[in-house]
Amino acid sequence: MSPNNQNKSPRHILITGGAGFIGSNFVHHWCNKYPDDQVIVLDALTYAGNLNNLASLQERKNFRFVKGNIGDRPLVDQILAEEKIDTIAHFAAESHVDRSILGPDAFIQTNIIGTFTLLEAFRKHYPTLEKGLFLHVSTDEVYGSLNPEDAAFTETTAYAPNSPYSASKASSDHLVRAYFHTYNLPTIITNCSNNYGPYHFPEKLIPLMCINILLGKPLPVYGDGQNVRDWLYVLDHCSALDTVINLGKSGETYNVGGNNEVKNIDLVNMLCDLMDELAPNLPVQPARELITFVKDRPGHDRRYAINSNKLQSELGWNPTVTVEEGLRETVKWYLNNRQWWEVLLSEEYQAYYQKVYE
Ligand code: NAD
Ligand code: TYD
């Protein structure tokens, strides 16, 4: 049995970046599924972190939120020791390609130096444990860009990151791999395609389009809109990570994808049609009238597609949500949670928006 397969409860799990989009969905998933586990969230609450995402968990006895930076070594050491952490699920990152183009510094600090700090702290702490695991949540963007006729990325596809974001994630993946090979630290890397679903920060494609449709604002589609992404419903991602934590093999990499390749323009059209159907009194209808082609993103990767056969055949995971079902749920979520996203359209957000789009 591999070192991470403890098959015993309770775990003491540290979830970094647990106030962000995927992290908070994962925290809810984990707390519901493993109510006896001790769950600690470490999150710096950057612009992308939102404590409202975890509001319903604050009263739980075995849940603790720590506001702090993954690069703060004394703090990380203290949490690992005090909470007897045996499992780290590492989500914390700067995650938006467009922001990495405007200012790469934070990406280097958090994604590379921050991951290095966590690895070093876990290396020191690990000998105090019988078993443990460092799960590093990464992206398919480390593999670069595909042409239309290329086969989907597998775990052995060569790394070819094209943006400061993907380069910083690639760098952290290499560190994680090296800590397994050099120090025998039990690590696993997952490389995942584009996620969508509840709690997604407004600046990413799907929430941005949903919110702009509701506000009657233009829908900015980069370039010719023919770029392809492979969309994965965030709860399918959470179940994949759960599977990997319980059944994955140390030192391995697993790709996670939704088998849902869609061109950006087709996706935006689907969102417009869903909003036309589900939202009462849209400011502009049909919503497709809001679609506006804008200047392309520099170095914009043309296509991502993920082959997740390894995770499916070796560990028995399968995505369960089609893009049609997932988008319908997501549109409903943004319709029903206006108070969640309205407060995020802050001055900082407006300033960012102007820099990218105007
Ligand atoms: P997000 O930007 O929504 O959330 C990131 C979280 O990390 C925020 O809560 C933020 O406050 C926190 N954080 C940032 N810097 C920190 C620091 N120095 N110390 C502590 N906390 C810090 O990101 P997300 O979309 O939820 O992505 C989570 C992880 O999944 C990232 O590692 C990302 O690279 C990876 N990933 C995301 C996608 C996607 O489609 N969103 C796809 C593949 C992989
Ligand atoms: P995004 O959600 O930023 O994810 P990533 O760049 O990590 O794939 O963007 C998804 C796709 O949508 C990507 O091809 C860029 C495109 N896009 C637009 O066309 N307009 C937008 O306003 C945004 C944010 C993204």
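1. Helices α4 (residues 105–125) and α5 (residues 164–183) of this predicted model have axes that come within 8 Å and cross at roughly 15 degrees. That makes α4 roughly parallel to α5; angles under 35 degrees count as roughly parallel, over 145 as roughly antiparallel, 65 to 115 as roughly perpendicular and the rest as oblique. Axes here are lines fitted to C-alpha atoms, for helices over the stretch in contact, and angles run from 0 to 180 degrees between N-to-C directions. Helices (H or I, at least four residues) and strands (E, at least two) are DSSP runs, numbered from the N terminus.

2. The crossing of α4 and α5 is right-handed. A crossing is right-handed if the near helix is turned clockwise from the far one by less than a right angle, and left-handed if anticlockwise. On the α4 side the contact (heavy atoms within 4.5 Å) is made by F107, I108, N111, I112, T115, F116, L119, E120 and R123, and on the α5 side by Y165, S168, K169, S171, S172, L175, V176, Y179 and Y183. By class, the contact of α4 with α5 has ten nonpolar, five polar and three charged residues. Ala, Val, Leu, Ile, Met, Phe, Trp, Tyr, Cys and Pro count as nonpolar, Asp, Glu, Lys and Arg as charged, and the others, Gly among them, as polar.

3. On the basis of the model: local features need pLDDT of at least 70, side-chain atom pairs count only at pLDDT 80 or more, and totals for chains, interfaces and linings use all residues. Residues are numbered from 1 along each chain as its sequence is written, chains are lettered from A and ligands numbered from 1 in the order in which they are written, and side-chain values use heavy atoms, with hydrogens and water left out.

4. The sheet is open and has seven strands in the order β3-β2-β1-β4-β5-β6-β11, with parallel pairing. Two strands pair if DSSP finds at least two bridges between them. At the edges are β3 (63–67) and β11 (253–256), each of which pairs on one side only. From one strand to the next the twist averages 20 degrees.

5. Strand β1 (residues 12–16) runs parallel to β2, and five bridges join them. T16 has L42 as its bridge partner in β2. Six bridges join β5 (residues 133–139) to β6 (residues 187–192), also a parallel pair, and there F134 is partnered by T187 of β6.

6. Strand β2 (residues 38–43) is mostly covered, with six of its six residues buried. Buried means under 20% relative accessible area, exposed over 50%, and partly exposed in between (1.4 Å probe, protein chains only). Both faces of β2 are covered: Q38, I40 and L42 lie on one side, and V39, V41 and D43 on the other.

7. Helix α1 (residues 21–33) lies across β1, β2, β3 and β4 (87–90) and runs at about 160 degrees to β1. Helix α7 (residues 234–247) packs on the sheet too, touching β1, β4, β5, β6 and β11, with its direction at about 145 degrees to that of β5.

8. The helices α1 and α7 also pack on each other, at an angle of about 60 degrees and with their axes 9 Å apart. They are therefore oblique to each other, and α1 passes α7 in a right-handed crossing. Residues of this contact include F26 and W30 of α1 and L241 and I245 of α7. The contact of α1 with α7 divides into nine nonpolar, five polar and two charged residues.

9. Helix α6 (residues 205–215) and helix α8 (residues 264–278) pack at about 40 degrees, with their axes 10 Å apart. That makes α6 oblique to α8. The contact is made by L205, I206, M209, C210, I213 and L214 of α6 and N264, L267, V268, L271, C272 and M275 of α8. These residues divide into eleven nonpolar, one polar and no charged.

10. K310 lies in helix α9 (residues 309–315). Its relative accessibility is 17%, so K310 counts as buried. Not counting residues up to four places away in sequence, K310 touches E155, E252, T253, Y254 and L315.

11. A cis peptide bond joins Q285 and P286, with omega about -5 degrees; P286 is in the loop between α8 and β13 (291–294). L45, in the loop between β2 and β3, has a positive phi near 50 degrees though it is not glycine. N259, in the loop between β11 and β12 (261–263), likewise has a positive phi, near 55 degrees. L45 counts as partly exposed at 25% relative accessibility, while N259 is exposed at 52%.
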